[in-house]
Amino acid sequence: MESNAITLDSLLNKVYQDGRQDFREYKRGTVVRRLERRLQSTGAKTYLDYMQFMDAHPEEYQRLSDYLTIQVSSFFRSTYAFQQVASLVLPELVSYKKDQRQPRLRFWSTACARGEEPHSIAILLAQFLGHRLSDFNTSIYATDISRHALDDAQAGLYPPKDVEALPPIILDNYFTRQSEGYAVNSNIRQMVNFSYFDLVSTTAPPFTSLDCVFCCNIPIYLQKQLQERVLEMLYNSLAIPGYLILGETETLTSSLCEKLECIDTKAKIYKKNGRGDNV
Ligand SMILES: C[S@@+](CC[C@H](N)C(=O)[O-])C[C@H]1O[C@@H](n2cnc3c(N)ncnc32)[C@H](O)[C@@H]1O
């Protein structure tokens with residue numbers, strides 16, 4: 001068992017050094033389960049065999065990364081959370097921006113998979129602001145480490161099964177039926193900027209002064225210390241006031257509990273109001 005763990009460490013170190021992706025502090029259970037499947041597919045019997053396979057097939061690093069990360073998502077994945085963002089976050093945020101004469105709205109979807117989450121945010125904003133949308137300079141940054149997922153996200157074209165659960169009013173207003181599926185309308189797509197960013201690669205946020213950061217269904221895959229580092233980085237990316245939204249099954253790390261105000265326990269919406277910065 002011990003030597004297996006050591007070999008797994010060596011394998012993850014190799015992926016970090018040669019493949020430039022760091023899964024060393026992802027939860028080991030998920031990593032081991034997913035790795036087993038990859039070993040089987042490549043015919044490797046041991047981690048050592050697999051490391052040799054990687055040397056002979058460098059494209060395996062990207063494939064492994066796609067195996068270890070799970071790109072499952074959906075539009076308005078947590079209906080309740082999106083409803084609560086619309087009723088608790090947006091009214092306050094928009095009225096604050098108006099009072100401050102600051103017509104900028106900056107959102108970040110930190111693990112955007114194939115774009116379902118940032119496109120849902122864009123639709124939510126378009127619905128909420130209506131004709132006032134053009135009064136705001138709106139940016140939705142959307143990042144991920146899966147280059148395949150980012151390519152799909154950028155294309156903004158989804159198979160019918162991905163949109164069948166959406167209310168017809170959303171489908172009719174924000175998507176266009178094409179022969180290959182449903183395309184997100186260009187006015188919505190233009191609100192989203194996709195790029196590659198690895199959440200575990202640095203403690204410096206790539207964006208700052210953000211009004212709202214979504215970090216959903218990614219912390220659950222990370223070990224506690226890494227969760228803490230990532231969430232602290234996201235905290236630093238927020239403006240004051242700024243909102244952090246986690247996935248339904250995720251919890252805030254204890255250090256951030258003191259710094260963020262919980263706005264909705266079930267929807268996992270937290271507000272930075274600056275109170276924790278002197279703690
Ligand atoms: C289960 S999906 C969640 C998608 C979306 N946030 C949602 O809640 O539906 C997890 C996403 O996290 C991405 N991911 C995993 N590790 C990452 C990292 N270190 N940096 C950025 N994205 C990462 C995966 O590629 C995948 O697209």
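A nonpolar core is taken here as a set of buried Ala, Val, Leu, Ile, Met, Phe, Trp, Tyr and Cys residues joined through side-chain atoms within 4.5 Å. In this predicted model, the largest such core holds 44 residues. Phe-107, Leu-125, Phe-175 and Phe-214 touch the most other members. Beyond its neighbours within four places in sequence, Phe-107 is in contact with Leu-90, Leu-93, Ile-121, Leu-125, Ser-139, Ile-140, Tyr-141, Leu-210, Cys-212 and Phe-214. A second, separate core has 42 residues, among them Tyr-50, Met-51, Tyr-61 and Leu-222.

Leu-64 was examined next. This residue is found in helix H4, which covers residues 60–68. Leu-64 counts as buried because its relative accessibility is 1%. Residues up to four places away in sequence aside, Leu-64 touches Val-15, Leu-35, Arg-38, Tyr-50 and Met-54. Met-54 lies 10 residues from Leu-64 along the chain, and the two C-alpha atoms are 9.7 Å apart.

By the salt-bridge rule, the count comes to 14. Lys-14 takes part in a salt bridge with Asp-18, with the closest N and O atoms 3.1 Å apart. Both residues belong to helix H1 (residues 2–19), and their spacing of four residues means that about one helical turn separates them. Lys-14 also forms a salt bridge with Asp-55, with a closest N to O separation of 2.6 Å. This second pair links distant parts of the chain: Asp-55 sits in helix H3 (residues 47–56), 41 residues from Lys-14 in helix H1. The accessibilities of these residues were also compared. Lys-14 is buried, at 12% relative accessibility. Asp-18 is partly exposed at 46%. Asp-55 is exposed, with a relative accessible area of 52%.

A further salt bridge joins Arg-229 and Glu-25, with the closest N and O atoms 2.8 Å apart. Arg-229 lies in helix H11 (residues 224–237), while Glu-25 lies in the loop between H1 and helix H2 (28–42), so the pair ties together parts that are 204 residues apart in sequence. Arg-229 is partly exposed, at 37%. Glu-25 is also partly exposed, at 21% relative accessibility.

Arg-114, Glu-116, Asp-152, Lys-161 and Asp-162 are linked in a network of salt bridges. Within this group, Asp-152 has its place in helix H7 (residues 147–155). Its relative accessibility of 36% makes Asp-152 partly exposed. Not counting residues up to four places away in sequence, Asp-152 touches Arg-114 and Leu-157. The side chains of Asp-152 and Arg-114 make a polar contact at 3.3 Å. The C-alpha atom of Asp-152 is separated by 27 Å from that of Glu-25, which is 127 residues away along the chain.

Strand pairing was then traced. An open sheet of three strands runs in the order S3-S5-S4, with antiparallel pairing. Strand S3 (157–158) and strand S4 (175–178) stand at the edges with a single partner strand each, so one side of each has no neighbour in the sheet. S4 pairs with strand S5 (residues 181–184) in the antiparallel sense over four bridges. Gln-178 stands opposite Gly-181 in S5.

Strand S10 has pairings with two strands. Strand S8 (residues 238–246) pairs with S10 in the antiparallel sense over four bridges, and Gly-242 stands opposite Lys-272 in S10. S9 and S10 are likewise antiparallel, again over four bridges. Here Asp-264 has Ile-269 in S10 as its bridge partner. Ile-269 and Lys-271 point one way from S10, whereas Tyr-270 and Lys-272 point the other way. All four are buried.

Lys-268 lies in the loop between strand S9 (260–264) and strand S10 (269–272). In this hairpin, which has four residues between the strands, Lys-268 takes a positive phi near 55 degrees. Lys-268 is buried yet has no salt bridge. The nearest side chain of opposite charge belongs to Glu-250, 7.6 Å away. With residues up to four places away in sequence left out, Lys-268 touches Leu-244, Ile-245, Leu-246, Gly-247, Glu-248, Thr-249 and Glu-250.

Technical notes. Residues numbered from 1 in each chain as written. Predicted model: local features only at pLDDT ≥ 70, side-chain atom pairs only at ≥ 80, totals over all residues. Heavy atoms only, no water. Buried < 20%, exposed > 50% of the residue type's maximum accessible area, 1.4 Å probe, protein only. Lys, Arg positive; Asp, Glu negative; His and termini not counted. Salt bridge = Lys/Arg side-chain N within 4 Å of Asp/Glu carboxyl O. Contact = heavy atoms within 4.5 Å. Polar contact = N/O pair within 3.5 Å; in protein donor to acceptor, adjacent residues only side chain to side chain. Pairing = 2+ DSSP bridges.
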